[in-house]
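Here are my notes on this model, point by point. Please read them with the coordinates open.

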Amino acid sequence: MNETITKGHFSEEQIDKDLLKNVNWGGKFKLWMGFLTVSLIICLYYYYQQLQNGLGVTGLHDYVSWGIYISNFVFFVATSLIGMLVSSVLGMMKVSWVRPVARIAELVAVAFAMVAGLIIITDMGRPDRLLNVFIHGRVQSPIVWDIAVVVTYVVISALLLYIPMLPDIALCRDKLNNVPKWQQKMYKSLSLGWNSTAKQFRLMNRYTRILLVLIIPIALSIHTVTSWLFAMTLRSGWDSPIFGPYFVSGAFVAGCAAVIIAMFFFRNNYKLKEYITADHFDRMGKLLVLVALVYVYFNINEIIVPGYKANTADAKHVHEMLYGHDSVMFWLVQLGGLVVPFLLILFKPMRKPLPLTIISLVILAGAWFKRVLIVVPTQLAPYYPIQNVPEGWTGYSPTTPEVAITVASFILVLMIITVLAKLFPVVPIWEVKEDMNHKNN
Amino acid sequence: MKNNKGYNLIILFCLCFLAVANVNAQSDWQAPAEENEKLSPFLFDDDMVLEGRVAYENSCTSCHGTPGQDDFTPMSPPPGDPGAEAFQAQSDGSIFYKIKMGRGTMPKFEDAFADDELWNIVAYIRSFNEDYKQELPNMEGVVIPEYAMRLSFDENVDKLVVKIFAEEVPQPEVSVSAYVMGTFGKHLLGKAQTNELGIAYVDVDPTLPGDEEGKINVMVKATKGFARAKLQQDLAMAKPTERHSAIEGRHIWSTDRMAPIWLKITFFVSVFGVWFALLFIVFGLRNIKKAREEA
């Protein structure tokens, strides 16, 4: 029984009304944006401090020079990958149930990818020298590759959000007469004179298809290259040939969880229960199980292979993870944030919207800490012992400015998603209509 | 409680031992009279001081610090600063003996250094004492022969051939030590004694890496009694080796200009290819606008 598409009880007018309803600037939105803005300003004050005093205000030091900023960057890049999986892989396989949630996935992808680039800048002590990376970058450096793919991915994701939305923007232009003038103007210019002609549809589909094909290698390379930032070094814990697929599979777990949370939020706040159905959650839950299984498989490889051979540095790293200094976080993340949640989702009642969202929140939190576990402990175990340095350098704990700046990145993501979801319908209206017509005929 | 008592006793004993050891070390370490009066057969010159410095920095600095700086490691008994007055008050023979034989925490260097090398260290230590006047042995009636040395390489048996003469007369029973000179010091090739023909043979490993012509810089020292000679020379006795820079040519670890071509092509073709496609789409958006009227 496919109940993911509205059951055909609605007229086209009803659908327009239901799905355009969210495009307004209500009191709730203003309150939420106000809250986000105030929080962002507080966090930005800490970034001002960091700009003024340098990275000394963070907990970073000579040994741990990549702390929660870079962990957060990896997490953001990971989360943004879901756009590719849902809209491209499933979309091209004509998995029709994803169509109402594809735009949400793309929103998540665009927001996280855009902010990921900014996070890198927060990790720089001298952001004014950013241009030097482009001027003096070596083509051999994974950092240069990373910049190239992150920028490309942001652009592709934005285009992939925009181009299939053209008919809906035109609908906004035609139907929404009570929105501010600038907004009407924006719809007018963004809709590119959309008139639903056959040729326009043909062009749109053609460009979308090119993008859908392009985004697969780009998305795979964005996270593979991110993993190479680590794997191309000789450090124990990073020096691993499976880091690319390991990161990509982990990315889908984080992304699925993020999309489920966003789906739940939009479904309840925008009253979209008829369009984003319980069946959608059920299927997203199953998808989450699949990607989590793949990720668990890579996790086992990542630990058992070096752990079995036990060459000195890797053995120490594995030991620290399993029983040592990082073991509490390790087991919380692996069991609490991955294994137990995915075992729970195996049961149908757990794939209902609310329980699935709660589980997704846990998985997303676990995914964030997992990135910290990948980035930080390796740096605390260099091949040369840490000696003759200040005592604090034998460990790492983030400072208030660091945490605040990291929180700021999440606030920015929420702001981007919120504004985009208020400017445009979050469920593709024309696709829902098309599906329904297709079914009715 | 019983255990505690035991521990207390052990600690007390250790403290007593340390105190005694301390006093002993500072006052009681005397070289035997005969050794005490021993004099260096070599005149302490700049060359010896320089060689002594290298040996000192490798083997002594970690405990004794830099002479004259009073920066020795705090130990019990304290190792002391070799530049200090109390240290310099000892005779050459006493310093020589103590380095050679060691005691307690002071290691025995007898096996690490030959006598002439030990004297180098003494010469270095003495170079920190401006008032020092080297006491030379009574040389009356002693004739010190002046050695001439000739080096060659016998490639049939892979041996360095050292011939030692004094006024064209071959010198037997001269101790010869040969070294390969490297960038960061010398490496012992071998030691030998001259035969009745004044010839000493030192084994050479033919796989030693030399320069492009197989030349290697060799230093040979010859000593017998007070007689002493030294010769440094390039000899073609090693394997000809062509040295390559580790990042020669195009290389993943080299500068951007020297990046591997396959990498440059892959990177730029992919980036430009993808952006070309994106620009194609962005410009293509105009076509969507144009297509608003049904044909």
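This is a predicted model: local features need pLDDT of at least 70, side-chain atom pairs count only at pLDDT 80 or more; totals for chains, interfaces and linings use all residues.

1. A:Ser96 lies in the loop joining helix H4 (82–92) to helix H5 (99–122) of chain A. Helices here are DSSP runs of H or I with at least four residues, strands are runs of E with at least two, and both are numbered from the N terminus. A:Ser96 is partly exposed, because 16 other C-beta atoms lie within 10 Å. The scale calls a residue buried at 20 or more other C-beta atoms within 10 Å of its own, exposed at 12 or fewer, and partly exposed in between, with C-beta atoms placed from the backbone.

2. Residues are numbered from 1 along each chain as its sequence is written, while chains are lettered from A and ligands numbered from 1 in the order in which they are written.

3. Chain A overall. It has 17 helices and zero strands. The C-alpha trace spans about 75 × 50 × 40 Å along its principal axes. Of the 441 residues, 44% count as buried. Among contacts with a separation of 6 or more, 83% join residues 24 or more positions apart. Contact means C-beta atoms, placed from the backbone, within 7 Å.

4. A:Leu55 sits between helix H2 (27–53) and helix H3 (68–80) of chain A. A:Leu55 is partly exposed, because 19 other C-beta atoms lie within 10 Å. Leaving aside residues up to four places away in sequence, A:Leu55 touches A:Gln50, A:Leu60 and A:Gly125. From A:Leu55 to A:Met92 is 37 residues in sequence and 45 Å in space, C-alpha to C-alpha.

5. Packing within chain A. The axes of H3(A) and helix H15 (residues 353–379) come within 8 Å and cross at roughly 130 degrees. H3(A) is therefore oblique to H15(A). Axes are lines fitted to C-alpha atoms, for helices over the stretch in contact, and angles run from 0 to 180 degrees between N-to-C directions. Under 35 degrees counts as roughly parallel, over 145 as roughly antiparallel, 65 to 115 as roughly perpendicular, and the rest as oblique. Residues of H3(A) in the contact include A:Val74 and A:Phe75, and those of H15(A) include A:Trp368 and A:Arg371. The contact divides into nine nonpolar, one polar and one charged residue. Nonpolar covers Ala, Val, Leu, Ile, Met, Phe, Trp, Tyr, Cys and Pro; charged covers Asp, Glu, Lys and Arg; the others, Gly among them, are polar.

6. The interface. Chain A gives 23 residues and chain B 21. H10(A) supplies the largest share of chain A's side, nine residues. By class, that side has 15 nonpolar, six polar and two charged residues.

7. Packing across the interface. Helix H10 (residues 198–231) of chain A meets helix H8 (residues 261–290) of chain B at about 165 degrees, with axes 11 Å apart. H10(A) is therefore roughly antiparallel to H8(B). Among the residues in contact are A:Tyr207 and A:Leu211 of H10(A), and B:Ala277 and B:Gly284 of H8(B). This contact has eleven nonpolar, three polar and no charged residues.

Notes
Two residues are in contact if their C-beta atoms, placed from the backbone, lie within 7 Å.
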